[in-house]
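Thanks for coming. I will take the overall fold dimensions and then a few local backbone details.

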Amino acid sequence: MFITDIKRVIDQVSREKGIDAEILITTIKEAIVSAARKKIGPRADIEVHYDEKSGDVEVFHFKEVVEEVEYADSELTLEEGYEYDPECEIGDSLGIHIDTEDFGRIAAQSAKQVIIQKMREAERNAVYENFIQKQGKIINGIVQRFDRGNLVVNLGQAEAILRPRDQMPKENYKRGDRIRAYVQDVLEESKGAQIILSRTHPEFLTELFKTEVPEVAEGIVTIRASARVPGLRAKIAVSSIDSDVDPVGACVGMKGNRVQSIVQELRGEKIDIVQWSPDIARFVCNALSPAEIARVIIDEDNKSMEVIVNDEYLSIAIGKGGQNVSLACEITGWHLEVTSEEEYSREVKQGYDSLMKLSGVGLAMAENLFKAGYASVLDISETPVEDLAAVMDIPPEDAKATIEEAVKILEQERTAVKLEREAKAQVRLAEEEQARLAEEEQARLAEEEQARLAEEEQVRLAEDQAASVAEDPMDSSATAVDDETEDAEG
């Protein structure tokens, strides 16, 4: 046999590489068939039998018994068939045992290449199958090298990539550092499985709680939603199936030890743990903690909510850079608009004043319209006649007239706004023209000042020269004599 001790090789490779023994056996059979056809011919019908107990391999070359041989690698005559089976007949297929040592060096080398190639493919598939099961989980690795901003992490059986956008801000690693990350994706490519890691994914936070909080791992406490601004702030919403287990307390732990270990892993990222509730209004109030909510106005059709908070809690509800309200929007799935009570009161007053511009709408009617969701004449102008008639308890003809009046008021307001903008534009242009003229005047004055200074400098130089001549008359006479001498010589 051109592969010695094949059973030992299969067992060793299967154990070390994690490849199924059946895949290796199939690979070796295919390699032997390839080697046999290299030696015998491409049409040869080859069968390989492997004994799993002994590790022996037997190879059979099947030929069809024919009257006249056309293809020697797949046919033989009846006389030749009698040598293998005295009872054979035309049309029979005879399996002729062949020795793999007869394949020759080239065939054996070809078989070796096939085995290596197939084993590499099988190894890549085994790696992919192993890590695809770990997708969505946390994995440990060692930083191996850096590649154009990417961290290449050694996972033992394979390498993984931690891209710059999946790395925590201000987080630095050096070669040999241990790292924990979330397996975000496993891609099957021609070169092997490409494993994508992340430390910024919201699910990384969820998986960390599963490792640190037994109640979460056991399913007693459920993390309903999570959202992060990596390295700065995060929110998770939790609930419990056991009324005796406080989900928030379970996640925080005794003296905050559970959540603090996660905060340390995330390099100080602040984590808000809020109680989930099926009542969306209560859930939103919890999500915006630590701000205290005064009231909420729900728009279920648009899945949005206006949240009114006390003036002193407005900055807390919004958070630094809008982080608090943004994370609350993510974990609740609702669009949230946070307003202070002062601003809300101003908007309500403006709405009442707007509604009371309509004929026949007093304070009581304006209040009814406001409660029904009509906050301004704009809302009135866009409502169907039947709906407005029902709310105001008036005939449809009167409701239609009210809507038309609302449209006229809006047009008047838009015209007034347009005129105001045009007036402001004219004032701005006049101011710009004045500023331009002032700059030109200033430039003219600067030029005149420079000319005056230049004239003064020339006068000063002339005075200095005259003073120098007056102080040394001999030098002046000598100069005159020299000049006369030069003229005479000339």
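The chain has 17 helices and 15 strands; these are DSSP runs, numbered from the N terminus, with helices being H or I of at least four residues and strands E of at least two. This is a predicted model, in which local features need pLDDT of at least 70, side-chain atom pairs count only at pLDDT 80 or more, and totals for chains, interfaces and linings use all residues. Residues are numbered from 1 along each chain as its sequence is written, and side-chain values use heavy atoms, without hydrogens and water.

The C-alpha trace spans about 140 × 125 × 60 Å along its principal axes. Of the 490 residues, 36% are buried, where buried means under 20% relative accessible area, exposed over 50%, and partly exposed in between (1.4 Å probe, protein chains only).

Now the backbone. Most residues other than glycine have a negative phi, and most peptide bonds are trans. Which residues are joined by a cis peptide bond? They are S289 and P290, with omega about 15 degrees, and P290 lies in the loop between α9 (280-287) and β13 (293-299).

R267, not a glycine, has a positive phi of about 60 degrees. R267 sits in the loop between α8 (257-265) and β12 (270-275), and is partly exposed at 45% relative accessible area. K303 also is not a glycine and has a positive phi, of about 50 degrees. K303 is in the loop between β13 and β14 (304-309), partly exposed at 43%.
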